[in-house]
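I opened my notebook to keep track of what I looked up. Here is the structure I worked from.

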Amino acid sequence: MKGRSATRKTPITILSVTERLYYTDAYLTDFDAAVVARSDDRRRIYLDRTAFYPTSGGQPFDTGWLGDAAVTDVVDEGDRIAHVLAAPIPGERIHGRVDWPRRFDHMQQHTGQHLLSAVVAGRFGVPTVSVHFGTDASTLDLETGGFSPEQTAEAEARANQAVTDNRPVVVSFEDAASAPGLRKTPGREGILRIVTIEGLDRSACGGTHVRATGEIGPILIRKVERVKQLVRLEFVCGARAVRRARADAELLAALARAQSAGAEELPVLLEAQRAELKAATQARRALEEALAGYRARELHASLAPDTRGRRVALVREAGGPLEPLRALAQAYGGLPGGIIVGVVERPAAVVLGASADSGVDAGAVLKAALAASGGRGGGNARVAQGSVKPASELEAVIAALLAAVGAEAY
C-alpha cells in the first residue's frame with residue numbers, strides 16, 4: 001500500500017492554525033505547503049498545512065523530508081505544528097514527503113490497538129485505561145486485577161478474526177453531545193474526530209488509521225504482566241508481528257538444537273533439567289554447610305579461650321564471594337564463645353559471627369564499624385555482613401570490629 005500525493009496552487013497565506021491533512025487522509029504522503037514561520041536558527045518551521053503527524057495520544061511522530069531536509073521531530077503546539085529539521089531549508093513554499101513505511105506501521109499498530117481494546121472490553125468487560133506505542137512493541141494497560149492465559153488467547157483469536165473479516169474503518173467528525181456508542185466517554189465537548197471499526201468499536205481519536213481491519217495484519221499478544229493495580233498487555237501488529245514471530249521461531253529452534261531435541265520436547269526436557277539443578281544445588285549447599293562446620297570446629301579447637309572464655313578468630317581471603325565466609329561465620333557462631341571476623345579483600349567486604357553466649361550483637365557491632373567509613377551492611381545478632389567502600393577503609397573497619405568484640409590479640 002502506497003501513500004498519495006496532493007498539490008495546491010493557491011496564494012501563500014500566513015495562518016496561525018496548521019491544517020492537519022492527516023485528519024482526513026492518513027494515506028497522504030506528499031504535499032505542498034507554505035512556510036508561515038521559522039525559528040531563529042531556521043531549523044524549526046511552521047507550515048500552513050501538513051501531512052506530518054506530531055507525537056500525540058501515545059502515537060509517535062512521523063518522519064520524512066521537507067525539501068531536502070530530514071524531519072527529525074514533529075511537535076504539536078496546540079493550534080500549530082512545529083517541524084524540526086536536521087538542517088535549515090530556504091524558500092517560502094516547500095514540498096513535504098512523509099516516510100510511508102514508518103507511517104503505515106504506526107497506522108497498523110494504532111488501529112490494532114483500537115481493535116484489541118474493543119475486543120477486551122466487549123468480551124471481558126475490561127476497559128483500557130492507557131496506551132503506549134513503542135518502537136518495537138506497544139502496550140495496553142487494562143483496569144483489572146488479572147488476565148488469564150485463556151483470556152489472552154481468546155482476545156488474540158477474536159482480534160485476528162476481526163482482521164480476517166476486513167471490517168471497514170471509517171473516520172467521521174461528530175458533535176460530542178450526540179455521538180452515539182463511543183467506547184470511552186470523551187473528555188471534552190464540541191466536534192470530535194471519531195474512528196469507527198464497523199460493528200465493533202467507536203472511539204474519539206486524532207491518530208492515523210488504516211481503511212479496513214485487514215490492513216492491520218496479524219495481531220500477536222507477546223506478554224501479560226501486572227503493573228501496580230493494572231494488567232499490561234504487550235502486543236505487535238502487521239509486519240512487526242511477522243518479524244517477532246520469526247525471531248521467536250528461530251530462538252525456539254536454536255534452543256531445541258542446543259538440547260538435541262525437537263521444539264515440542266523442550267518443556268518436558270527443561271523441567272527435568274530444572275528439577276535436576278535444584279537437587280544438585282541443595283546437595284551442594286548441604287556439603288558447603290558440612291565443610292563450614294568441619295572448618296569452624298577445627299578453627300575453634302586451634303584457638304585458646306581468652307580471659308572471658310571467648311575464642312576470637314580472624315579469617316582473611318584475597319578474593320571471591322562472601323558466601324563461604326558467611327557459612328563459616330554461621331557455624332563458628334554456634335560454638336561456645338565463638339566470635340569470628342571474616343574478610344574478603346576484593347571486593348572489600350566483611351562478615352561478623354558471634355555465639356549467643358559471647359555477649360556480642362553482630363548486627364549492631366558491624367553496623368557501627370561500617371558507619372564510620374560509609375559502608376553498608378546488616379544482619380542479626382548472630383551473623384551480619386557488609387561491603388566496605390572505599391576499599392582503602394578495610395583495615396580500619398577490621399580494627400574497629402576487633403576492638404568492639406574485645407579481641408585480646410591481632
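Which residue is the bridge partner of V169 in β13? I found I197 there.

**Ground rules.** This is a predicted model, where local features need pLDDT of at least 70, side-chain atom pairs count only at pLDDT 80 or more, and totals for chains, interfaces and linings use all residues. Residues are numbered from 1 along each chain as its sequence is written, and side-chain values use heavy atoms, with hydrogens and water left out.

**Entry 1: the sheet around β13.** I looked up the strands first. Helices (H or I, at least four residues) and strands (E, at least two) are DSSP runs, numbered from the N terminus. Two strands pair if DSSP finds at least two bridges between them. β12 and strand β13 (residues 191-197) pair in the antiparallel sense over seven bridges. They belong to an open sheet of three strands, ordered β12-β13-β14, with antiparallel pairing. Its edge strands are β12 (169-175) and β14 (201-204), and each pairs on one side only. From one strand to the next, the twist averages 30 degrees.

I then looked for a helix on this sheet. Helix α1 lies across β12, β13 and β14 and runs at about 75 degrees to β13. For such angles, axes are lines fitted to C-alpha atoms (for helices, over the stretch in contact), and angles run from 0 to 180 degrees between N-to-C directions.

**Entry 2: S117.** Is S117 buried or exposed? S117 is buried, because its relative accessible area is 1%. Buried means under 20% relative accessible area, exposed over 50%, and partly exposed in between (1.4 Å probe, protein chains only). I left aside the neighbours within four places in sequence, and S117 is in contact with T128, L140 and R183. Contact means heavy atoms within 4.5 Å.

**Entry 3: two hairpins.** Strand β6 (residues 64-66) and strand β7 (residues 69-77) run antiparallel and are joined by three bridges. G64 stands opposite V71 in β7. The hairpin of β6 and β7 has two residues between the strands, and G67 takes a positive phi near 65 degrees.

β7 also pairs with strand β8 (residues 80-85), in the antiparallel sense, over six bridges. E77 stands opposite R80 in β8. This hairpin has two residues between the strands as well, and G78 takes a positive phi near 90 degrees.

**Entry 4: T63.** I found T63 in the loop between β5 (49-50) and β6. T63 counts as buried because its relative accessible area is 17%. Apart from neighbours within four places in sequence, T63 is in contact with F52, V71, R97, V98, D99 and R102.

**Entry 5: the five-stranded sheet.** What is the order of the strands in the open sheet of five? I read β17-β18-β19-β21-β20, with mixed pairing. The edge strands, each pairing on one side only, are β17 (311-319) and β20 (376-379). The twist averages 10 degrees from one strand to the next. Strands β19 (residues 349-354) and β21 (residues 383-387) pair in the antiparallel sense over five bridges. G353 stands opposite V383 in β21.

Next I checked the helices on this sheet. Helix α5 (residues 323-332) lies across β17, β18 (338-346), β19 and β21, at about 175 degrees to β18. Helix α7 (residues 394-404) lies across β17, β18 and β19, at about 180 degrees to β18.

**Entry 6: α6 against α7.** Two packed helices are described by the angle between their axes and the distance between the axes. The axes of helix α6 (residues 362-371) and α7 come within 9 Å and cross at roughly 145 degrees. V365, L366, A369 and L370 of α6 make the contact with V397, A400, L401 and A404 of α7. These residues divide into eight nonpolar, no polar and no charged. Ala, Val, Leu, Ile, Met, Phe, Trp, Tyr, Cys and Pro count as nonpolar, Asp, Glu, Lys and Arg as charged, and the others, Gly among them, as polar.

**Entry 7: cysteines.** How many disulfides does a search of the whole structure find? I noted zero. A disulfide is a pair of cysteine sulfur atoms within 2.5 Å. C237 counts as buried because its relative accessibility is 0%. C205 is buried too, with a relative accessible area of 13%.
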